[in-house]
Amino acid sequence: MFIITDDMLPKMFNFLPEAQGRYLTPNLDRLAAEGTVMMGQHVVSPVCTPSRYNCLTGEYASRAQSQWFLNHLRDNGQTVVQWTTFIVSGQETLPRRLQRAGYVTGMVGKNHVIEVMGINKPKWKDNPRDPEVLELLRKNAQLVEAAAKTAGFDYAESLYHNNPNHNGIEALAVHNVDWITKAGLDFIDQNADRPFFLYFATTLPHGPADSPRSWNANPAATAEGYLDQPLDVQPARETIPQRLAEAGLNPEHNVGNMLWLDDAVGALMDSLEAHSLDDNTIVVFFNDHGQTAKGTVYQGGVHNPSVVWRKGGFPSGGVNHAMVSNIDFAPTILDWVGVDYDEAAFDGRSFAPVLEGQSDEIHESLYFEMGYTRGVRKGDWKYLALRYPTHIANMTIEERQRRLDKFNNDLAARGSKGWTTDPSAPFSHIQIVPGGGSAERASIGKYPAYYEPDQLYNLALDPNEQVNLAGNPEYAQQLVEMKAELKLYLNDLPGDFAELASPQIDSAE
């Protein structure tokens, strides 16, 4: 069972020092206490779509074949990893491999990774009780379900094609964890006597986070319209404030949402135990990426502890510091279920030997890619490169203004405000919008060298990446070595990346 949450902050994990008891999550706490916390867990690309791509394929998202992504590659000459790295029909995936091994596979909750063609998005102010609008929602849901099945899932229910805010109708732009949980429990009930893989993707705690649109929203509202009656599959929502008050906590600012999400985890675990499956099931709890520097390859975006639970625990103990990546989940899961595979088919490596105490490390270095940046970590050293294609670096002020106006207008249509009206403001690492887009707002202004093309950090002395050593002659050799390490990855991946993509270019010059 692979539980993937959306945009959790470090302070939401009670087993991390940032938490300090500000959240009530007894079921997640149990998984962490009884399983192994992977403190060396990283992600390759810290936004929703590519992170999910990494998990479900075991590949870097720069290998994606969706047409939008390939169009960006054609236009830029380099891959632009962001929200277009979709899994396409017929592509080899983890669930497809598991199907061939006799596993029944299920997907519930947030999609945002499998390409769905033919979606006809409703209007923001549409009435979801209108029969024509309801029919449109029904057809869209069928398309999303069909796309999930082409990606290797036998069962696909209670799916949000995107975040609730972007599904199209204001009245339904709310979370409904109960609806997702119901689909997950139904899958377990239907397949309790068969080997199964459940991909349980929550929409929380990604926004909207305010209680009227999350734990205290209309319990009948779903991505497909209104239920006939609220569901009774986990502790009642109205008990959330009372339970938090007893713990000395206020339900606002996602505290209520995290308890609601934790209740879902508890319901799933209770189901495993009720079916006597808890002693034969491995549970992964994984947040899709780091949230304090989302949209960047700084550690706040790519470092992202996970939890792996098995009844009785693992020989590696309660905490493991081996550097692993989310591209490693696919081969690891195949190892767990005893499926043979060609290691060359994956960019990731199985960390099952680490959990079993047979190996201390599986990677000498880790690679990261996001938008117009690439990065590599080796030991305590971290190198980050920012390279814009020439046509973006030299964009006219008129085109910058056009992009900024469109971005701000789109925000206004959803009731939000932009951050700048200055078309000369610098672009971010991921979005070609003056001043940056929504995803990377938490990062801009936190890193002094944010806009510098070459950045070198000693994470042992500078874990928050505040002192760029790339221009310091004392570390010139270290910079050369880290660039060379990055080139080893880039030379095996599609597209160019300025002078870093091919050693042949360097030698020719």
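Predicted model: local features only at pLDDT ≥ 70, side-chain atom pairs only at ≥ 80, totals over all residues.
Does N254 count as buried or exposed, and at what relative accessibility?

Strands of a sheet pair through backbone hydrogen bonds, either parallel or antiparallel. Here, eight strands form an open sheet with mixed pairing, in the order β5-β4-β6-β1-β9-β10-β2-β11. Its edge strands are β5, at residues 155–160, and β11, at residues 319–320, and each of them pairs on one side only.

Now look at strand β4, which covers residues 104–110. On one hand, β4 runs parallel to β6 (residues 196–205), and six bridges join the two. You can find V108 standing opposite F200 of β6. On the other hand, β4 is joined to β5 by five bridges, and this pair is parallel as well. In that pairing, G109 has L159 of β5 as its bridge partner.

Another helix to find is α8, at residues 255–274. Helix α8 lies across β1, β6, β9 and β10, running at about 165° to β6. It also has helix partners. Two packed helices are described by the angle between their axes and the distance between the axes. For α6 (residues 177–190) and α8, the axes come within 10 Å and cross at roughly 10°. That angle is under 35 degrees, so α6 is roughly parallel to α8. Where they meet, α6 contributes residues including V177, L185 and I188, while α8 contributes residues including W260, L268 and L272. This contact divides into eight nonpolar, three polar and two charged residues.

Helix α1 (residues 26–34) meets α8 at another angle: their axes come within 7 Å and cross at roughly 60°. That makes α1 oblique to α8. The contact involves P26, N27, L28, R30 and L31 of α1, together with D262, D263, V265, G266, M269 and E273 of α8. By class, there are five nonpolar, two polar and four charged residues here.

Next, look inside. The largest nonpolar core has 63 residues, and F2, I114, Y199 and F351 touch the most other members. Helix α10, at residues 329–336, gives the most to this core, with four residues. Apart from this core lies another one of 49 residues, among them L244, L268, L272 and W309. Returning to F351, its contacts beyond the neighbours within four places in sequence are M38, V308, V324, D328, F329, T332 and I362.

Finally, some backbone details. The peptide bond from L204 to P205 is cis, with omega near 0°, and P205 lies in strand β6. A cis bond also links G207 to P208, with omega near 5°; P208 sits in the loop between β6 and β7. S158, in strand β5, has a positive phi of about 50° although it is not a glycine. With 7% relative accessibility, S158 counts as buried.

That brings us back to N254, in the loop between α7 and α8. N254 is not a glycine either, yet its phi is positive, at about 75°. Its relative accessibility is 11%, so N254 counts as buried, the cut-off being under 20%.

Methods
Residues numbered from 1 in each chain as written. Heavy atoms only, no water. Pairing = 2+ DSSP bridges. Contact = heavy atoms within 4.5 Å. Axes fitted to C-alpha atoms, helices over the stretch in contact; angles between N-to-C directions. Core = buried A, V, L, I, M, F, W, Y, C linked by side-chain atoms within 4.5 Å. Buried < 20%, exposed > 50% of the residue type's maximum accessible area, 1.4 Å probe, protein only. Parallel < 35°, antiparallel > 145°, perpendicular 65-115°, else oblique. Nonpolar A, V, L, I, M, F, W, Y, C, P; charged D, E, K, R; others polar.
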